[in-house]
Amino acid sequence: MTKPSLPELLHAAVTAVGGTERPGQVTMAEAVAEAVDDNAHLLVQAGTGTGKSLGYLVPALAHGERVVVATATLALQRQLVERDLPRTVEALQPLLRRRPQFAMLKGRSNYLCLHRLHEGAPQDEEEGLFDQFEAAAPTSKLGQDLLRMRDWSDETETGDRDDLTPGVSDRAWAQVSVSSRECLGASKCAYGAECFAERAREQAKLADVVVTNHALLAIDAIEGAPVLPQHEVLIVDEAHELVSRVTGVATGELTPGQVNRAVRRSAKLVNEKAADALQTAAESFERVMELALPGRLEEVPEDLGYALMALRDAARTVISAMGATRDKSVQDEDAVRKQALASVESIHSVAERITQGSEYDVVWYERHDRFGASVRVAPLSVSGLLREKLFAERSVVLTSATLKLGGDFNGVGASLGLAPEGTAGDDVPQWKGLDVGSPFDYPKQGILYVARHLANPGREGSRGDMMDELAELVEAAGGRTLGLFSSMRAAQAAAEELRGRLDKPILLQGEETLGELIKNFAADPETCLFGTLSLWQGVDVPGPSCQLVIMDRIPFPRPDDPLMSARQKAVEEAGGNGFMAVAATHAALLMAQGAGRLVRATGDRGVVAVLDPRLANARYGSYLRASLPDFWFTTDRNQVRRSLAAIDATAKADNR
């Protein structure tokens, strides 16, 4: 029997999921197959509605070797594992004459730990363990959640937190889960044979396609101990998120609360001298942190340096002492010891990293209203790490609706450690960029309006003219507005102002869960939804409920953001344009994601309104506009009001 062609396979898969084949999807699938066969690297931009999941899944399944697919969001992981993969495998099995297997793999703390559930969680204040079910009042929310999880543990096949509905708070989940550092290991644990995390790993080893998240991919790359099974092909979906997720995994943090927990956990497991030294170091660190002011530390201040060296040395002593002492009076000593060791090792590694003072790290103080001060350390860049760990051993395909910024892929490529497209060299990964377009007719379906007549936004303070403009646009649109704001304060101010001015329901992020807000927004066309960062990329509301997307200003990073400003400065010192490479690229990605909320289906019509005249007037404005969908562009406020009123009238007529 001849091998089925890629178009045949794609046709079968698209039919199985009830979709429609798109030219962009076919182009993408062919390019992915070619990259995989040639062991090459591909960056592919596929606009909303292209059907990009099947555009990479079909060639991946046809390839026959193991493929890892890493995504940023839980929603896409679920879509792949619960919908796209089962149907695609079913459809392709007769053609491929084999049944590809697939599995989901996440970090250990995402799975229920049976040891922690049945034996209890180590308690900070006293030795041994406590039964969290007895400690939490059964009538309390925590108590109810714990009882529900105990019942769920008997029926779940995965133990995956995301399969528990409704979900539980982080505090409740922490009582029944462990990090990889706290885990006893399958061979030492009484529940090792039934362990959900171990079972997920075993299934991943047998699967043809392993679906994971960016964070686990980063841990696999950074920590040197492989978590993912060996694979020939890596596909990174939502690839515009990868750099920030990898940066998050590579960031270390120390807080007085965290250090004090480590002191309490280890005190009963080591000799008095070692315990006292860690206690003293913790107290001096806490005194330094009381005076910490937020901002970057170009050099580690002397008092912080001394406190961190004392912490590092005391932590090292405790780690050594813990290996030498045993105390049989401690209930389930191995679990208590493992958790204490994990918390002390974490402090040791962050304190040592900061005191070593690498030129490739950025250190800063942060202050949180609720949790107080912390000292943080993050890599100045993750591009070298990604180039070395991601692209060396396998074929990598990176895809997203927003990878092409300012007209090419080189900006995103550089952040991933790639030289400009077409650059040749022995240790330079070769890659190709491909834009397969979108099935939407952006110039006919959408308008990009820039309110050129407004004053430039200042750093803070009220923008009366902007509020007037916002109210007029929402009124003209008949509601139907998604408001994307650069800060929570701006979103709250706008919601408060418009609730007083307009007779339209205004939902505000934070007043309900995100899922609930989006559901209510989609259900009523007159409703508006205002919020900040997670709304810029997390809202998928096709149809008449979202016909106006408003951005209050260009979302440049805050000038006092320690990591972004350090990255900008480093580019400038190397002779580059730091503002364009860091701040403008950051803003372009967010704006492209935000503008992408407007047109989600072929029948959608509407306006993206940017209430920041710099998009039309500033030199960098053309770069940002080139990163957005190709909407019809105007600065004519009367024209845009007429268009919004017409769109509103059509939507009302269609609804009758």
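**Close-up views of a predicted model**

**View 1. Asp145 pairs with Lys141 in a salt bridge.** In this predicted model, the closest N and O atoms of the two residues are 3.1 Å apart. Both residues belong to helix α7 (residues 141-155). They sit four residues apart, about one turn of the helix. Asp145 is buried, with a relative accessible area of 4%. Lys141 is exposed, at 55%. Side chains of opposite charge can pair when their charged atoms come close.

**View 2. A salt bridge joins Arg501 and Asp468.** Here the closest N and O atoms are 2.7 Å apart. Arg501 lies in helix α20 (residues 488-501) and Asp468 in helix α19 (residues 464-477), so the pair ties together parts that are 33 residues apart in sequence. Arg501 is partly exposed, with a relative accessible area of 38%. Asp468 is also partly exposed, at 34%.

**View 3. Asp612 forms a salt bridge with Arg614.** The closest N and O atoms are 2.7 Å apart. Both Asp612 and Arg614 are buried.

**View 4. Salt bridges link Arg312, Asp313, Arg316 and Glu352 in a network.** The structure holds 37 salt bridges.

**View 5. Helix α1 packs against helix α3.** Helix α1 spans residues 6-16, and helix α3 spans residues 52-63. The angle between them is about 125 degrees, and their axes are 10 Å apart. That angle makes α1 oblique to α3. Their crossing is right-handed. From α1, Leu6, Leu9, Leu10, Ala13 and Val14 meet Leu54, Val58, Pro59 and Ala62 of α3. The contact residues divide into nine nonpolar, no polar and no charged.

Conventions: Residues numbered from 1 in each chain as written. Predicted model: local features only at pLDDT ≥ 70, side-chain atom pairs only at ≥ 80, totals over all residues. Heavy atoms only, no water. Axes fitted to C-alpha atoms, helices over the stretch in contact; angles between N-to-C directions. Helix = DSSP H or I, 4+ residues; strand = E, 2+ residues; numbered from the N terminus. Parallel < 35°, antiparallel > 145°, perpendicular 65-115°, else oblique. Left-handed = near helix turned anticlockwise from the far one by under 90°. Contact = heavy atoms within 4.5 Å. Nonpolar A, V, L, I, M, F, W, Y, C, P; charged D, E, K, R; others polar. Salt bridge = Lys/Arg side-chain N within 4 Å of Asp/Glu carboxyl O. Buried < 20%, exposed > 50% of the residue type's maximum accessible area, 1.4 Å probe, protein only.
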